[in-house]
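Subject: Structure handover

Hello,

Here is the structure I promised to pass on. Please look it over first, then read my notes below.

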Amino acid sequence: MDEQDVDRRLRELAKASANFGRLYGYQPLLAIYGSQAELTVLTNPNAAYVSAGQFGEVLAEEFVTRTGTRVEGTNQVDRINALTRAGVLVGWSRDAFHKLRRGRNEAAHNHLFDTTMALEALKLCWQLGDLFDRAMGGTRAVTAFVPPTLPAEASPTDPEEIAQLREALDGHRRTLAESRIKLSETSDRLEAERRARAEAEALIANVEQAKATYAAQIEELRAQVTELRAAHQQQYDRERLQPRKVASAARDAIVERAQRPAPLNEVQARVKIDAMLAKAGWVIQDKADANPLDERSRGVAIREFTVATGRADYVLYVDGKIVGVIEAKREGTPLAGALAQNERYAAGVLKEHAMAVWRREEPFAFRYATTGTETYFLNRIDPEARSREVFTFHRPETLAAWMRYADEHPDAPTFRAALRTSMPLLETHGLRMAQVEAITGLEDSLAADKPRALIQMATGAGKTFTAVTETYRLLRHAGARRVLFLVDRNNLGRQARAEFDKYRTPDENRKLTDLYSVDMLGRSGLQETSSVVISTIQRMYALLKGEPLMDEPEAEDREDKNASRLDESYATDEPISVDYNRDVPIESFDVIVVDECHRSIYGLWRGVLDYFDAHLVGLTATPTRQTKGFFDHNEVSKYTYEQAVADGVNVDFDIVRLNTDLREGGGAKIEAGTTVRIRDRQTRAQRYEELDIQYDRDDFTATTTNKQLNFLQHIMSLTAIGGRAAVVLPDNVLFEGGAGEKVRRKLLDEFDLHTILRLPTGIFYAGGVKANVLFFEKKSPRADGKPHTTETWVYDFRTGQHFTQKQRPLTRASLDDFVAAYRPGEPRSSRVESEDENGPFKKFSYEELIARDKVNLDITWMKDPALDDADSGLPPEVIAEEIVRDLQSALNEFTAIARSLGGEVDVPEAEVE
């Protein structure tokens, strides 16, 4: 048998698996290990556990390499943690990988014979493989696990275990059959179920036949599998620390698809739709038992209802009137166009139901299309009606209110119609031109039924006043029922409330709050009488989650302090999710104004915005590209800071040179005229500048131009009693005399300097610069006046260690020995010095430290073995690399000095790794 024949046979056998064959195109080992687990799950559960664990390892490696995720560790748990941080794995998928990992470890060491648990591991492999296929390929096809058939010589002999196994297999068969039911293709549900069962049994029989072929040849192919695994491992090892370059858009798409739930089959979708309707307050009935006037609710949804052109999945009654319809679609159907283009409902209902129709010209005014995971809504009464995505169904009481409003206002029967026809000309008195343009631009956007709009207006130019003016117009003229003013901090909410309180209407010169209720969201929740609700997005999230809200200012300040810090980096957040809350239905607001719409509001907190069926209006002074993208690039007005300065709305600024003397007779000062070194944080290029102003810090112990010492003093002054700090500093902080000695004495006396970690060169600073991490805690002053530091532990992670950015990078695993010696979470009395005199971990008493010349903490005792033993030296290329880095660093220093003195230097400043 030649090698080509083995390759062909292995490929055909792996692809034959109904559960794992589709993964062969991504990575053959996935199909192979999945098929092996499938083959042995009922006859050798321990072998199935091992194969399932191997499947999990290869799948995690594929996720890592295909998303360009960096992993600093060689174990499966390191891969799982890295993928979780990257957002690829979420709760259930992370847990599934861990179960496979633990199962393989236990199988390898203890041997497992639980067939039911092995079957569960096989099912987890299928689920994760299905997730991988959806994340990488974007497929949303409904699939199901194909269970094995229990052989006559089944592994378990215990009758109870056999019964459990049969029950599990029967459950998987039912799920498989259910996944193949196509209710949309027949009106006879029983016939659809019979066809699905037949398809499922035929599929299971084919799988068993393929497994028999695989079993007869698998032993001959094991060597080939081992070779494939070795080659895959080599490739993964190359990419683990130096990931392949993956476009951010491609990575984001993979993460988004990986976080989406698996598609529902049609039976599951109907169950989900029923639950959604029930939560929204609808009573669900079958056609045979229909009672449109059911007293339990104003709204009744009747399943499988016959209309003039066939069968409707659900027909909606409100107060006994037919008002709407729901189409249940198989996942993958484009819902947005399905509603607008579906004219089969124009013929209306059968004659026997004609008297129950609310509007004869539009028999099904309110239309929904849903898969159970995605729902679209179309209000046929809107002018130029267009469908929009909604979180779930509206409440029947809401549809009843819309019906009443439409009957009372035939010329503008809906809010969207009023936005087109009922908004009067804007009274511009008291408004700046920028505000006029913002309001008119926004109203044009709302009239065009654009769901999102962005107003860019410079800080101080009147964004809030603009929003208040538009809110009044929407309430007064468009019939808006309620507007949400959303902020990210309570103090901004209080400022907005003050703006509403003092606003006077331009038509009647009355206070807005005399006409409409403006409320801060508090412990009483959402009030029916509120026309304007002001809330932080965090508080609105808590309301949706059903958590209690506090009104006290202290609680609001605490909420602000604990709120997530706004981060303008687009790449890092994990959006929150919300569930339906019947006390806060999706139609609670007509318009949501998002003040200072930072990325975290539509990133981390986007779930809150997506929950409500409302127009979104963003206010910001400095929109990013991501902000504009979220608002569909619908920027209705733009008023920049430069324009505001030109108009005299804002004041420009000049640099004022000052000589200050804040504290006579002491304090830390840097005199004006002092030359200091400035380093650009991004390019790392440095320059020398003469300070224009004098700095005076009365909380500093020593006056110095050494910015590292000043940085340490700054951290010391900020640290509260009981606070802990770990600060990275270069060696000169440990040995510099004068000011350095003063700072070190204070550090030992007033703080507990318990640990110093000596780092190799070039890790945090430029090449050749040695650094350390100082760990200390701030204590309350002692009554006896004794110092707080009793002993300091020093860990030498420098001697004999050589790292570079590319060839020998520092990883988290490099610090494992230090972490073990540090013993985090344990009392420091449990620490132990290195047994070897030349070991890296030693402690020094306060008396020893304070007795050193100038309290020098630059302590060394280890010898580099490379200095005594030529055979233990570094490879020549690494030594050469370090020499080049040190020389280039020195060259950059001298180049900067020459340029600061007016010299013309042609030598370019090279990047130092």
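Start with Thr69: it is buried, because its relative accessible area is 9% (buried means under 20%, exposed over 50%, partly exposed in between, with a 1.4 Å probe and protein chains only). Before the rest, the ground rules. This is a predicted model, where local features need pLDDT of at least 70, side-chain atom pairs count only at pLDDT 80 or more, and totals for chains, interfaces and linings use all residues. Residues are numbered from 1 along each chain as its sequence is written, and side-chain values use heavy atoms, with hydrogens and water left out.

Thr69 sits in the loop between helix H3 (45–67) and H4. Helices (H or I, at least four residues) and strands (E, at least two) are DSSP runs, numbered from the N terminus. The side chains of Thr69 and Thr67 are joined by a polar contact of 2.7 Å (a pair of N or O atoms within 3.5 Å; within protein, one must be able to donate a hydrogen and the other to accept it, and residues adjacent in sequence count only if both atoms are side-chain atoms). Setting aside neighbours within four places in sequence, Thr69 is in contact (heavy atoms within 4.5 Å) with Val64, Ala82, Leu83, Ala86, Arg240 and Pro243.

Next, Val77. This residue belongs to helix H4 (residues 76–85). Val77 counts as partly exposed because its relative accessibility is 29%. Not counting residues up to four places away in sequence, Val77 touches His98 and Arg101.

Five strands form an open sheet, ordered E19-E21-E20-E22-E23, with mixed pairing. Two strands pair if DSSP finds at least two bridges between them. Strand E19 (724–730) and strand E23 (841–845) stand at the edges with a single partner strand each, so one side of each has no neighbour in the sheet. Strand E20 (residues 751–761) and strand E22 (residues 791–796) pair in the parallel sense over four bridges. Leu757 stands opposite Tyr795 in E22.

Two helices lie across these strands. Helix H24 (residues 707–718) lies across E19, E20 and strand E21 (770–778). Helix H26 (residues 739–750) lies across E20, E21 and E22.

Best wishes

Definitions and conventions. Axes fitted to C-alpha atoms, helices over the stretch in contact; angles between N-to-C directions.
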